[in-house]
Amino acid sequence: MSGLKSVTIHTDGGCEGNPGPGGWGVVIQHGEQRFEFKGSEPATTNNRMELSAAIAGLRSLNQPCEVTLWTDSQYVKKGMSSWVHAWKARGWRTAGKQPVKNEDLWKTLDEIASRHRVQWQWIKGHAGHPLNERCDELAREAISQLKRGASRQSLNEALARFSEDR
């Protein structure tokens, strides 16, 4: 897949309580262009929000791209770099023959990632990296808006607003 547009995506997700109200944030960079968006769920887990952020970032791309995706979630990075292959081979079961947690989101992320050439990168969270910190701010803003009575902003709604803004 040579000649693809090169894009960098930073993602973060989190919850207040686990489970609890959650949010996610995404920052996408292509050359000098930068796009940001966020979403929320009223009752979710930290891992689901981390996965949702990665899904949102990749789903927002309107053509196959060469992607470097930065996450502070070892769950997301290791899941996509190594675990997902074994899970699929075992019919979405863990090595202990248990159902994979968050299977719905893993399947979605795996399918969307297959449209691109993705390098999964881990970055230490809350360590002062500006774009990781910005994603964390976006996720916290989404949670705050939800708690103030705004309706949840689903992944599809966030992507629709993002597409309108581009």
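Me: Which residues do ring pairs link into a cluster?

Reply: In this predicted model, ring pairs link Tyr75, Trp83, Trp87, Trp92 and Trp106 into a cluster. The count for the protein comes to six aromatic pairs.

Me: What makes tryptophan 24 and phenylalanine 37 an aromatic pair that is edge-to-face?

Reply: Two values decide the matter. The rings of tryptophan 24 and phenylalanine 37 are 6.0 Å centre to centre, and the rule asks for centres within 6.5 Å. Their planes stand at 90 degrees, and angles over 60 count as edge-to-face. Tryptophan 24 belongs to strand β2 (residues 20-30) and phenylalanine 37 to strand β3 (residues 33-44), so the pair ties together parts 13 residues apart in sequence. Both tryptophan 24 and phenylalanine 37 are buried.

Me: How do you know that the pair of tyrosine 75 and tryptophan 83 is edge-to-face?

Reply: The same test is applied. Tyrosine 75 and tryptophan 83 are 6.4 Å centre to centre, with 65 degrees between the planes. The limits are within 6.5 Å for the centres and over 60 degrees for edge-to-face, and the pair of tyrosine 75 and tryptophan 83 is classed accordingly.

Me: Why does tyrosine 75 count as buried, and why does tryptophan 83 count as partly exposed?

Reply: Tyrosine 75 counts as buried because its relative accessibility is 18%, and the cut-off for buried is under 20%. Tryptophan 83 has 34% relative accessibility and therefore counts as partly exposed, the class between the 20% and 50% limits.

Me: Why are α1 and α3 called roughly parallel?

Reply: The axes of helix α1 (residues 46-59) and helix α3 (residues 103-113) cross at roughly 25 degrees and come within 10 Å. Angles under 35 degrees count as roughly parallel, and α1 and α3 are therefore roughly parallel to each other. The crossing of α1 past α3 is left-handed. Residues of α1 that meet α3 include Leu51, Ile55 and Leu58, and those on the α3 side include Leu105, Leu109 and Ile112. By class, this contact has nine nonpolar, two polar and three charged residues.

Me: What makes α2 and α3 roughly perpendicular?

Reply: The axes of helix α2 (residues 74-89) and α3 cross at roughly 95 degrees and come within 11 Å. The range for roughly perpendicular is 65 to 115 degrees, so α2 and α3 are roughly perpendicular to each other. In α2, Tyr75, Val76, Gly79, Met80, Val84, Trp87 and Lys88 meet Trp106, Leu109, Asp110 and Ala113 in α3. The classes in this contact are eight nonpolar, one polar and two charged residues.

Me: Why does isoleucine 143 count as buried?

Reply: Isoleucine 143 has 3% relative accessibility and therefore counts as buried, given the cut-off of under 20%. Isoleucine 143 lies in helix α4 (residues 130-147). Leaving aside neighbours within four places in sequence, isoleucine 143 is in contact with Gly14, Cys15, Glu16, Pro21, Gly22 and Gly23. The C-alpha atoms of isoleucine 143 and tryptophan 24 are separated by 8.4 Å, while the two residues are 119 residues apart along the chain.

Me: What is noted about phi of histidine 126 and of tryptophan 92?

Reply: Most residues other than glycine have a negative phi. Histidine 126, in the loop between β5 (117-122) and α4, has a positive phi of about 55 degrees although it is not a glycine. Tryptophan 92, in the loop between α2 and α3, has phi near 60 degrees, also a positive value in a residue other than glycine. Tryptophan 92 is buried because its relative accessible area is 11%.

Me: Where is proline 19 placed, and what is the peptide bond from asparagine 18 to proline 19?

Reply: Proline 19 is in the loop between β1 (5-15) and β2. The peptide bond from asparagine 18 to proline 19 is cis, with omega near 15 degrees. Most peptide bonds are trans.

How values were computed: Residues numbered from 1 in each chain as written. Predicted model: local features only at pLDDT ≥ 70, side-chain atom pairs only at ≥ 80, totals over all residues. Heavy atoms only, no water. Axes fitted to C-alpha atoms, helices over the stretch in contact; angles between N-to-C directions. Helix = DSSP H or I, 4+ residues; strand = E, 2+ residues; numbered from the N terminus. Parallel < 35°, antiparallel > 145°, perpendicular 65-115°, else oblique. Left-handed = near helix turned anticlockwise from the far one by under 90°. Contact = heavy atoms within 4.5 Å. Nonpolar A, V, L, I, M, F, W, Y, C, P; charged D, E, K, R; others polar. Phe/Tyr/Trp six-rings, centres within 6.5 Å; stacked < 30°, edge-to-face > 60°. Buried < 20%, exposed > 50% of the residue type's maximum accessible area, 1.4 Å probe, protein only.
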